[in-house]
Amino acid sequence: MKPIFWQSQLTTFLLYCNGTELDKKILDCGAGGRRPPLAMFQDHGYETIGLEISDRSLERAQEFEKEFGYELNIQKGDLRDIPLKDESVSFVYSYNTIFHMPKAEIYAALHEFNRVMKPGGLCFINLLTTEDHGYGEGEEVRPGEFLQEEMGDQVLHCYHDKEEAEPFFREAGFEVLYKEIRKRTGPSRDGGKITLGYVDYIVEKIKK
């Protein structure tokens with residue numbers, strides 16, 4: 001039985017990718033975990049490549065591949081230094097990953113995404129917004145960047161204003177095609193309620 005994926009944001013991205021005439025080759029930056037969404041793209045005929053910096057997340061992805069019979073080509077790697085040739089993939093995404101980097105590194109990573117993408121290729125990223133419940137918690141190491149405890153570790157969480165990232169997309173050679181601001185209140189692990197705040201982008205590499 002095939003796994004079910006609930007990431008509606010990536011389903012939207014898949015529809016955008018299907019609407020192009022580019023080769024179906026996609027890169028996931030932050031591809032590990034118990035249920036890697038790359039499998040959804042492979043189910044739709046995409047050649048998949050994944051990068052994952054965490055050994056444990058990489059192991060979990062390999063366990064998933066073995067259980068469900070996928071070969072997703074997920075390897076140890078860093079999205080800030082992608083081991084691919086220039087203009088070698090049509091599509092790139094980073095889902096719930098890139099906001100664990102400092103802002104300066106996020107903006108540098110956008111240039112790296114642009115480098116490996118074909119002209120007219122599409123990229124999806126989502127960012128935490130300042131309306132998220134976590135904004136302001138923990139140690140602020142730089143403006144909008146906080147070290148917060150997550151499963152016993154101190155993990156960086158980076159928060160953006162709703163319009164803050166858009167100049168950096170343009171500077172990195174992208175045009176924004178789709179933007180969605182998501183804010184919802186739901187249950188927390190301790191039985192209370194929390195507010196989640198995200199902004200999703202689908203951007204296109206500008207053809208020169």
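Counting aromatic pairs in this predicted model gives a total of 17, where rings of Phe, Tyr and Trp (its six-membered ring) pair if their centres lie within 6.5 Å. A pair of aromatic rings is described by the distance of the centres and the angle of the planes. Planes under 30 degrees apart count as stacked, over 60 as edge-to-face and the rest as tilted.

Take Phe-13 and Phe-124, a tilted pair with 6.0 Å from centre to centre and 45 degrees between the planes. This pair links distant parts of the chain, with Phe-13 in helix 1 (residues 8–18) and Phe-124 in strand 5 (residues 117–129), 111 residues apart. Helices (H or I, at least four residues) and strands (E, at least two) are DSSP runs, numbered from the N terminus. Phe-13 is buried at 0% relative accessible area, and Phe-124 is buried too, at 1%. Here, buried means under 20% relative accessible area, exposed over 50%, and partly exposed in between (1.4 Å probe, protein chains only).

Then there is the pair of Phe-41 and Tyr-93, which counts as stacked because the ring centres are 5.3 Å apart and the planes stand at 25 degrees. Phe-41 belongs to helix 2 (residues 38–43) and Tyr-93 to strand 4 (residues 89–94), so the pair ties together parts that are 52 residues apart in sequence. Phe-41 has a relative accessible area of 0% and is buried; Tyr-93 is buried as well, also with 0%.

Zooming out, the protein chain has five helices and 10 strands. Its C-alpha trace spans about 45 × 45 × 30 Å along the principal axes. The radius of gyration is 17 Å, which agrees with the value near 17 Å for a compact globule of 208 residues; it is taken over C-alpha atoms, and the globule rule is 2.2 Å times the number of residues to the power 0.38. Of the 208 residues, 48% count as buried. As for contacts (heavy atoms within 4.5 Å), residues 24 or more positions apart account for 69% of those with a separation of 6 or more.

A word on the ground rules: residues are numbered from 1 along each chain as its sequence is written, and side-chain values use heavy atoms, with hydrogens and water left out. Local features need pLDDT of at least 70 and side-chain atom pairs count only at pLDDT 80 or more, while totals for chains, interfaces and linings use all residues.
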